Amino acid sequence: MTTTITETSGVDPTPTPLALLLLGREADPNSERGVECPGDLPPASDPNLVERARAAKAALGDRVFILGHHYQRDEVIEFADVTGDSFKLARDAAARPEAEYIVFCGVHFMAESADILTTEAQQVVLPDLAAGCSMADMATAEQVAECWDVLTDAGIADVTVPVSYMNSSADIKAFTGWHGGTICTSSNAKRALEWAYEQGEKVLFLPDQHLGRNTAVREMGFSLDDCVLYNPHKPNGGLTVEQLRDAKMILWRGHCSVHGRFSVESVNDVRERIPGVTVLVHPECKHEVVAAADMVGSTEYIIKALDAAEPGSKWAIGTELNLVRRLAKAHPDKEIVFLDRTVCFCSTMNRIDLPHLVWALESLVEGRVPNVISVDPETEKHAKAALDRMLALP
């Protein structure tokens with residue numbers, strides 16, 4: 001049987017630039033509107049969600065403590081008891097032992113860290129289990145164990161200290177603790193590396209190559225040649241024994257899907273469009289982007305820099321868009337724009353939305369505890385050892 005498709009009068013089958021942009025098949029040269037994004041999500045279909053969230057939170061009272069990561073959307077941040085980066089929030093949760101339930105509006109590895117640092121009597125809830133982190137997923141326990149075998153065969157494991165970024169799974173934190181290493185944040189990566197080099201000759205940095213490279217080269221005086229990139233998808237990480245033995249920094253081939261997409265072209269473009277702009281980027285950006293920027297720092301650093309900035313100053317920020325938009329709204333006396341034209345939100349972080357938060361809170365009110373994140377005792381023991389080493393850093 002033959003099917004005939006006839007053209008319908010009055011219908012233009014040509015996709016619009018916006019449609020192509022949303023499909024990821026085209027760029028819209030007119031999409032840069034400071035902090036506006038053409039791919040904004042539609043509002044929730046239930047107009048009563050805000051009232052329902054307020055009612056559920058009020059019913060739970062001090063039994064619940066809601067954590068909101070800086071990259072969360074405003075509709076979620078509105079109900080957070082505290083906001084911050086992943087480690088600050090985990091520590092805030094640990095400081096509230098009276099709260100039975102910790103509702104973590106972030107991603108999976110963050111909820112794991114909160115579970116590690118809180119008491120056994122507390123339960124950590126992640127409103128959507130699909131809220132993961134692509135960077136954390138780039139290093140699995142099996143891959144890292146295989147990497148350690150490669151370092152052992154090369155005769156360098158005993159002089160290598162693992163340093164893992166906070167943005168890693170509990171399994172990777174446990175591996176780090178088991179092998180005498182420490183955790184770091186984007187704020188204290190230099191201190192963590194300095195400590196590591198007091199313990200050994202080399203560092204295996206997991207899982208974000210860019211933070212490791214930027215810290216070693218920009219802040220510690222290493223050269224790019226001192227760093228090698230271990231690719232878990234290649235035999236021996238794609239490296240020779242000589243390369244491993246000569247390296248000071250063995251970087252895991254992982255990256256943030258948001259920060260990793262900023263480019264030097266983005267920096268050059270914004271400088272042309274906004275004369276006098278200050279470019280401030282997160283150290284998870286590529287090394288060439290960091291080198292082209294005016295300022296580099298963690299999420300907390302970015303927030304403090306904008307708080308202290310002079311009225312009338314101009315800023316292009318290279319980090320997740322939800323935070324940039326919030327900063328622009330908080331500082332109407334300054335011109336604050338998103339660094340890139342096309343990168344928008346962290347898609348996994350944005351899985352935590354108001355409908356999921358309301359569902360989690362109302363479930364707790366009804367006596368059901370959904371989506372509990374629980375790290376097994378053995379993993380927790382070694383992961384906490386790595387976290388404690390970080391906490392002990394000067």
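This is a predicted model: local features need pLDDT of at least 70, side-chain atom pairs count only at pLDDT 80 or more; totals for chains, interfaces and linings use all residues.
Visitor: At what angle do H8 and H17 pack, and how far apart are their axes?

Guide: Helix H8, residues 170-178, packs against H17 at an angle of about 70°, and the two axes are 7 Å apart. Because angles of 65 to 115 degrees count as roughly perpendicular, H8 is described as roughly perpendicular to H17. The crossing of this pair is left-handed.

Visitor: Why are the buried residues of H9 said to line one face of the helix?

Guide: In H9, which spans residues 189-199, the buried residues are Ala 189, Ala 192, Leu 193, Trp 195 and Ala 196, and buried here stands for under 20% relative accessible area. Viewed along the H9 axis, these residues fall within an arc of 160°, and therefore they line one face. Their cover includes strands S5, S6, S7 and S9 together with helices H10 and H17.

Visitor: What makes S2 and S14 stand at the edges of the sheet?

Guide: The open sheet is formed by five strands in the order S2-S1-S3-S4-S14, with mixed pairing. Strand S2 (82-84) and strand S14 (372-373) each have a single partner strand, so one side of each lacks a neighbour in the sheet.

Visitor: How do you know that S1 and S2 pair?

Guide: Pairing requires at least two bridges, and S1 (residues 64-69) has three bridges with S2, in the parallel sense; Leu 67, for one, has Val 82 of S2 as its bridge partner.

Note on methods. Residues are numbered from 1 along each chain as its sequence is written. Side-chain values use heavy atoms; hydrogens and water are left out. Helices (H or I, at least four residues) and strands (E, at least two) are DSSP runs, numbered from the N terminus. Buried means under 20% relative accessible area, exposed over 50%, partly exposed in between (1.4 Å probe, protein chains only). The arc is that of the directions from the helix axis to the C-beta atoms. Contact means heavy atoms within 4.5 Å. Axes are lines fitted to C-alpha atoms, for helices over the stretch in contact, and angles run from 0 to 180 degrees between N-to-C directions. Angles under 35 degrees count as roughly parallel, over 145 as roughly antiparallel, 65 to 115 as roughly perpendicular and the rest as oblique. A crossing is left-handed if the near helix is turned anticlockwise from the far one by less than a right angle, and right-handed if clockwise.
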